[in-house]
Each structure stands twice: as C-alpha cells, then as structure tokens.
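Please look through this model with me, and let us ask of each description what it rests on.

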Protein chains: 2
Amino acid sequence: MKDYAFTVTHSMPGTLARAGVIHTPHGDIKTPVFTVGGTKATVKTLTPEMVKEMGGQAVLANTYHLMLRPGADIVEKAGGLAKFMHWDGPTFTDSGGFQVFSLGVAYKKGIDAVAHTEKGTSANAKSTSKQLAKVDDKGVTFRSHLDGQTLRMTPESSMQLQWQIGADIHMAFDECASPLASPKYLRESLDRTHAWAKRCVVEHERLWKEHEKLDKPYQALWGVVQGARNEKLRRESARYLASLDLDGYGIGGVFQPEEIPETVRWVAEELPEDKPRHLLGMGNQVSDLFLGVEYGIDTFDCIAFTRQARNGGIYTSTGRINITNAKFREDFTPIDADCDCYTCKNYTRAYINHLFRANEMLAYTLASIHNEYFVVHLVDTIRESIIDGTFLKYKATYLEKYFGKPFTI
Amino acid sequence: MKDYAFTVTHSMPGTLARAGVIHTPHGDIKTPVFTVGGTKATVKTLTPEMVKEMGGQAVLANTYHLMLRPGADIVEKAGGLAKFMHWDGPTFTDSGGFQVFSLGVAYKKGIDAVAHTEKGTSANAKSTSKQLAKVDDKGVTFRSHLDGQTLRMTPESSMQLQWQIGADIHMAFDECASPLASPKYLRESLDRTHAWAKRCVVEHERLWKEHEKLDKPYQALWGVVQGARNEKLRRESARYLASLDLDGYGIGGVFQPEEIPETVRWVAEELPEDKPRHLLGMGNQVSDLFLGVEYGIDTFDCIAFTRQARNGGIYTSTGRINITNAKFREDFTPIDADCDCYTCKNYTRAYINHLFRANEMLAYTLASIHNEYFVVHLVDTIRESIIDGTFLKYKATYLEKYFGKPFTI
C-alpha cells in the first residue's frame with residue numbers, strides 16, 4: 001500500500017496560495033515548507049538535532065552527489081538516507097537533473113551567465129568541450145567533478161539510484177536547459193524531458209512492485225516541469241506531466257524573482273490541485289518565498305542561505321548584513337533581536353564576528369543555524385498567514401520592512 | 001572575599017593520586033579532570049551545549065591568542081570569557097608562556113625537534129633569527145603570527161590581560177624552555193621564571209584589590225613550575241613557587257610519557273598538598289593521564305585529542321584508528337561499541353568515513369565530540385577509581401586493553 005498522501009487544508013482566495021500536509025512513511029510535512037538542503041547526506045555544519053530544533057521538517061539530498069560519494073549502494077546498506085544520516089524525518093532526493101545543467105552548459109561559466117539575459121548571452125548557452133556533462137536522448141554522460149571518471153545516468157538509473165538511497169520523495173530525471181538556449185534546443189530538450197519522465201514512471205513502477213513484495217514502504221515520484229520562460233512550453237509540460245498522474249511536481253529552471261509569478265502561475269494553473277508543487281531553482285531572495293507561495297508553490301529548497309552563512313552573509317528581518325564587517329567587533333547585541341534561533345538567543349554579533357575572523361568552524365555552524373532558521377521560520381509564518389487569511393497583508397508588511405521600501409517586482 | 005577553594009576528598013594509598021573539588025565563582029570542578037581546550041574562546045567545532053553534554057567541566061583558553069584576536073578588551077566588554085563564548089562553567093587561561101616556546105625556539109622546527117632527544121639535538125634548542133618570540137629578563141617580544149605586528153608581553157601585562165579576559169583561574173607568565181637547552185640557559189631561564197612569578201603575584205594582588213572594590217569575583221592565580229628534566233631545578237622551582245603561596249600550580253614543560261612519573265613526583269613532593277596541580281604540556285597518550293594522576297596531577301589539558309579528531313584520528317578503548325581508512329566505508333557499527341558519546345550512539349563508522357571523504361564539516365564535529373568525550377570520560381572514570389580505591393587495578397586493566405599488552409614505561 002502506498003503510505004503517501006497530500007491534502008490541501010486551506011486556500012487563500014484571490015491567489016494560488018494554499019496550506020496542506022504531505023504524508024510520508026517518515027512523517028508529515030506541513031506545507032508551504034522550506035526543505036533543508038542535505039546534498040551529501042548532511043546538512044552542512046549542523047547535526048540533525050540542530051535541524052529539528054530550528055524547525056526543519058524535511059531534508060533534500062542529491063542523487064548525483066550520493067552516487068559519487070559514498071555510493072547509493074552504501075546508503076542502501078546503511079538502511080537508507082534518513083537512517084544513514086541519523087535524521088528521523090521525511091527526505092527528498094533531487095534526481096541529478098540539475099547537475100546536467102550545472103556540470104553541463106553552465107560548467108565554469110556560472111549559472112547567472114547562462115540563465116539571466118542581463119548577465120549572459122545566448123552564445124553562453126552553447127555547449128563547450130570543457131563541460132563535464134553531455135546530454136543525448138538516452139541519458140547523460142558525466143565526467144566526475146571529483147576524479148574525472150566517466151559516469152552514465154539515465155532515467156532508469158536515476159530511479160534505481162533513488163530507490164537505493166531510499167528518500168520518501170524522488171524527482172524524475174530531467175534536463176534543466178538554459179533559458180538562453182535557442183527555441184529549437186528548448187523544444188528538443190522539453191521533448192526529451194517528457195520522454196524521460198515517462199521512462200522514469202515505468203522504471204519507478206517496476207521498482208515499487210519489487211519493494212512492495214518485500215513489504216518495504218512506498219517512495220513517491222514527482223515529475224519535473226520544464227520549458228524555460230516560454231508560456232506555451234511550460235503549459236504543455238505541466239499538462240503532459242499531469243497526464244502521467246505523478247505523486248507531485250517540481251518546477252525546474254533557474255529563476256529571477258520577477259520571473260516567478262508568471263512562470264509558476266502558468267504551471268500551477270495546469271497542474272492538478274491535489275498534488276504538491278516544488279520550486280526547484282529558486283534564488284537566494286526572500287521575496288521568492290512569498291512569490292512562490294502566492295502562485296501555488298508548496299515546497300522549496302535552496303542551499304544559498306547556508307552557503308551565504310558560511311561566508312558571513314546573514315539574513316535579518318531588515319535585510320542582509322555581513323557579520324565579518326569590522327563594525328560588528330564590539331556589537332554585543334544578537335544578530336537579530338527579533339529572532340528566536342539558538343544563535344540569536346545565546347551569542348552576540350561581536351562573538352560571531354570573532355569566530356569568523358579567527359577562522360573557527362563554530363562560526364559556520366552558528367551562522368548556518370541562524371540563516372536556516374530564518375528561512376524555515378519565514379515559510380512557517382507564511383503558512384500561518386494562509387491559515388488565518390492574512391497572507392497578502394503579511395507579504396506586504398514583511399517585504400517592506402525587509403527591503404526598507406514597498407515591494408514591487 | 002575570595003570565592004575560591006580546593007579540597008582533597010580522597011587519596012589513593014601508595015600513590016600520589018587524589019580526588020577533590022576546585023570551587024570557583026562559576027561552579028565546582030571535580031578532580032582529577034580533563035579541562036577542554038578553548039584556545040580562542042571556542043571549543044573547536046563544538047557548541048558549549050555539546051561540551052556540557054559530553055561531560056566537560058571547565059574550558060581553558062589562551063591569553064596570547066585572545067590578546068591578538070579579538071583583543072582582551074573586547075572579551076572584557078562582553079562580560080568576560082565565559083559569557084563571551086556562552087559557557088556557563090569554570091574557565092582557565094594559559095598565560096602565553098607556552099607561546100614563548102612554540103613561537104620562540106620551537107618556531108618552524110616543531111616541538112619534538114627541540115624537546116625530545118631522540119628527535120632533536122641541543123643545537124636545535126638555540127635561538128635563530130627567524131623565531132617570532134624573543135625573551136629578555138623584563139618580558140617577551142612577539143611578532144604576531146597573524147600579521148607580523150610587534151607585541152610585548154610581560155608578567156604584568158599577562159596579569160592585566162588575564163584579569164580582562166576574566167577566567168576563574170589564571171596561570172603565571174613563565175618561560176617554557178627547551179629541555180635540550182644548555183645547563184647554563186636552563187639556570188638563567190628558571191631564575192627568570194621565578195622572578196616573573198613574583199612579579200605576577202604583585203600585579204595580581206594589585207588587580208584583585210581593584211576588582212574587590214568593585215565587588216567583582218576573585219580570579220585565582222596558579223604558578224608554573226619549570227626546570228626541564230633536572231631534579232634539582234624542578235624541586236627548587238616547586239619550593240620557590242610554594243613559598244609564594246599561590247592558589248594552585250601548573251607543571252610546565254614538554255613531556256614524553258616515560259618522563260612524567262619522575263618529573264611530576266619531584267614536583268608533587270615539594271608542592272603543598274592542599275593546592276591543585278595542573279599538567280601543562282602533556283602529549284596525546286592516554287597513558288599520560290594515568291601516570292599524571294598517579295604522581296599527583298589534578299587537572300589536565302591537551303588540544304591534541306581534538307586536533308587528531310579533525311584529521312580522522314579516533315580514540316577507542318582498544319587503541320587509535322583512522323576513520324578515513326577505506327576499510328570503514330561499509331562498516332555500519334559505531335566508532336566504539338563501548339562508548340556512550342553522542343557520536344557513537346547515533347552514527348556509524350561508514351557515515352563518519354563518508355563525511356571525512358566528502359570534506360563535510362560535520363565530520364570534524366562528530367569526531368571531536370567522540371575524542372573529547374573519550375578523554376574527559378576516561379579521567380572521570382579515573383576519579384571514580386580513586387574514590388573506590390581501585391585506581392592501580394583500573395590503570396593496569398585499561399592500559400592493557402588499550403595497548404593490547406601489559407603497560408610498562
């Protein structure tokens with residue numbers, strides 16, 4: 001029996017925002033939710049207890065990275081992702097599809113250069129001989145970024161790896177194309193992503209039947225909608241994937257905040273209302289969270305918040321600060337007086353500034369706890385505002401305080 | 001009023017081992033104890049809650065390092081060391097005397113090369129133009145190892161800095177000389193250390209009177225016995241420092257396990273029984289802990305256990321292993337099945353091996369928790385064995401299991 005369900009409990013009239021619950025074998029996830037990044041089966045610098053304490057509900061790991069190290073077979077032998085990393089809640093795996101992009105056309109150019117027109121050109125979206133991932137219709141050939149060995153990933157192998165890793169929710173293997181690619185390439189790429197989604201469904205069903213015989217729990221499969229910034233392609237992609245009756249849907253791509261409302265709306269309008277929707281590839285902007293929810297997103301992930309934390313970039317309710325700045329050397333107040341995280345309750349800016357300047361690893365832990373709490377807690381309060389019907393007002397108030405001026409895109 | 005006391009509660013006949021309690025304004029320390037290294041006002045990779053959970057009773061920071069970064073004035077403004085680092089227990093500071101050695105004659109040669117005859121020669125113990133610390137009778141001139149700026153430390157300034165940093169227990173400023181230095185140099189150095197100890201006492205008393213007027217708590221001063229491997233010098237040093245009636249005593253130097261019994265015994269026989277004794281400069285050998293206690297040591301510190309943890313060197317009850325070794329990739333047992341630390345209760349060798357190979361910072365945290373628990377807990381069980389009178393038996397049994405053969409030095 002499939003021990004998996006999604007229930008919408010509240011909707012926000014005048015928007016596509018909703019609150020709900022995803023039920024998995026490892027527990028329930030209240031949505032909207034910010035899932036915590038655990039790429040290599042660890043939430044960087046944090047223990048699972050810290051993740052729980054700061055409100056983390058679910059962890060998202062990456063199939064490509066775990067395939068390379070330690071190997072999906074080892075995660076399987078350990079009893080699956082959650083048990084391997086001592087996390088007693090729900091887990092997701094991303095399929096490796098994003099690495100087709102980041103190690104492919106975006107490799108060594110930077111994501112912005114191949115994704116955003118103000119920073120890149122369509123010439124950047126062309127393949128080069130240096131890239132580590134090459135796409136063909138059957139799958140993708142990677143050269144490992146660790147040791148150069150050649151690896152092959154196909155829709156079937158991604159499903160096999162994800163069943164081995166054993167997260168509660170899998171993503172279909174897709175091609176994340178550059179939005180700057182030519183119309184011809186985007187068309188071919190989308191057809192490929194759809195063919196792969198179908199192959200993922202077939203392989204996923206086969207593996208589920210094998211697992212069911214052994215009385216093992218169901219692992220859900222979410223499809224990934226592509227189509228760059230083209231309304232026709234996005235709606236077509238959402239309709240096609242909806243027809244496959246998947247357990248949920250990811251919205252793939254690379255987005256600037258101003259692109260989120262339209263793109264997400266096109267997709268959300270086509271997808272079934274009773275399935276959860278995940279925004280893959282959000283940026284590091286807090287406004288993305290409000291915009292995503294407003295246009296129908298239920299689950300988010302983004303590693304940028306903890307990456308910035310490790311560089312001293314700290315989110316506060318009035319904007320971002322760099323805690324390594326000399327002006328904080330003698331500042332004996334918390335990072336954010338409005339914040340209830342462990343770091344803000346127990347440490348001063350001066351101390352965290354000292355830890356960064358002294359290259360002490362506790363700096364990264366304390367800053368990551370704060371930033372991750374910040375974003376997890378923000379999505380929690382967004383959920384509450386949907387439930388009590390104040391979402392739009394909360395959005396306006398929060399973003400005006402955050403940006404220091406009324407928010408418009 | 002001085003809110004500081006030391007009480008011996010149990011002695012072990014036939015040895016100099018004893019159990020007791022050091023009372024400080026920040027709480028009691030049950031001895032023998034392994035104090036946790038917090039050189040730069042942080043226990044590397046651990047939160048203070050983790051240190052408490054693994055049984056840490058007291059933290060030892062370093063005056064030289066805190067003088068450089070963030071500055072003793074900032075620690076003072078933050079409310080003192082314990083408050084600055086969010087540690088609600090007792091604290092020690094080392095005086096900076098060891099840096100006279102490590103940045104002086106030992107700089108860039110390695111401590112072994114200037115401390116151990118089988119690895120170094122007496123020529124190594126000579127000063128060079130490259131060293132960052134130069135000693136004269138009035139004090140020490142350092143070139144900062146961070147930015148090259150010239151700094152001066154004297155017995156008086158070390159006391160001033162330590163009162164600013166505000167630990168419960170200070171160490172007198174001494175010269176830690178190389179045991180390979182010439183007899184003439186060792187004589188001069190010991191006279192200097194004694195003159196400095198006297199100056200420390202005078203300055204410490206002056207600062208205590210100032211603090212007492214402001215109703216601030218007493219901070220204890222422990223003297224540091226030197227004299228290398230020379231019985232006459234060691235006994236003379238202990239007697240001289242005993243005559244100054246300090247609050248406790250450190251035994252300075254750099255020791256190999258086989259040197260501990262004699263050297264510590266010479267000193268312990270001369271020091272007053274009602275004052276605690278700290279072994280500065282123990283190595284990374286678990287046998288040092290048994291030998292130190294047997295010959296009268298009450299408190300220990302050593303950063304080698306956590307440093308080794310960060311390199312994958314893990315202590316178990318049957319010896320040391322390197323957890324990064326390929327043979328642990330599929331080992332789904334805990335690091336040490338006999339260990340009750342957080343790491344051993346929740347993680348496998350395979351997972352920790354993965355974290356190290358993936359360069360994930362949680363590796364250092366989990367390994368540090370284990371090694372620090374290992375050594376803190378070992379000294380706790382040594383204390384218990386003194387109380388129940390089984391110390392010598394416990395020592396023999398433990399070390400035979402650890403080394404795989406009966407322990408002799």
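Q: What describes the packing of helix H9 (residues 231–243) of chain B and helix H10 (residues 260–270) of chain B?
A: Two packed helices are described by the angle between their axes and the distance between the axes. The axes of H9(B) and H10(B) come within 8 Å and cross at roughly 30°, where axes are lines fitted to C-alpha atoms, for helices over the stretch in contact, and angles run from 0 to 180 degrees between N-to-C directions. Helices here are DSSP runs of H or I of at least four residues, and strands are runs of E of at least two, numbered from the N terminus. The model is predicted, so local features need pLDDT of at least 70 and side-chain atom pairs count only at pLDDT 80 or more, while totals for chains, interfaces and linings use all residues. Residues are numbered from 1 along each chain as its sequence is written, and chains are lettered from A and ligands numbered from 1 in the order in which they are written.

Q: Is the crossing of H9(B) and H10(B) left-handed or right-handed?
A: A crossing is left-handed if the near helix is turned anticlockwise from the far one by less than a right angle, and right-handed if clockwise; that of H9(B) and H10(B) is right-handed.

Q: Which residues of H9(B) and H10(B) meet?
A: Contact requires C-beta atoms, placed from the backbone, within 7 Å. Glu231(B), Arg234(B), Arg235(B), Ala238(B), Arg239(B) and Ala242(B) in H9(B) meet Thr263(B), Trp266(B), Val267(B) and Glu270(B) in H10(B). These residues comprise four nonpolar, one polar and five charged, with Ala, Val, Leu, Ile, Met, Phe, Trp, Tyr, Cys and Pro counted as nonpolar, Asp, Glu, Lys and Arg as charged, and the others, Gly among them, as polar.

Q: Why does the span of helix H15 (residues 362–387) of chain A agree with expectation?
A: The expected span is 1.5 Å times one less than the number of residues, so the 26 residues of H15(A) should span 38 Å, and its end C-alpha atoms are 37 Å apart, which agrees.

Q: What makes H15(A) mostly covered?
A: A residue is buried if 20 or more other C-beta atoms lie within 10 Å of its own, exposed if 12 or fewer, and partly exposed in between, with C-beta atoms placed from the backbone; in H15(A), 20 of its 26 residues are buried.

Q: How many residues does each chain give to the contact between chain A and chain B?
A: The contact takes 30 residues from chain B and 30 residues from chain A. On the side of chain B, the largest share, five residues, comes from H14(B).

Notes
Contact = placed C-beta atoms within 7 Å.
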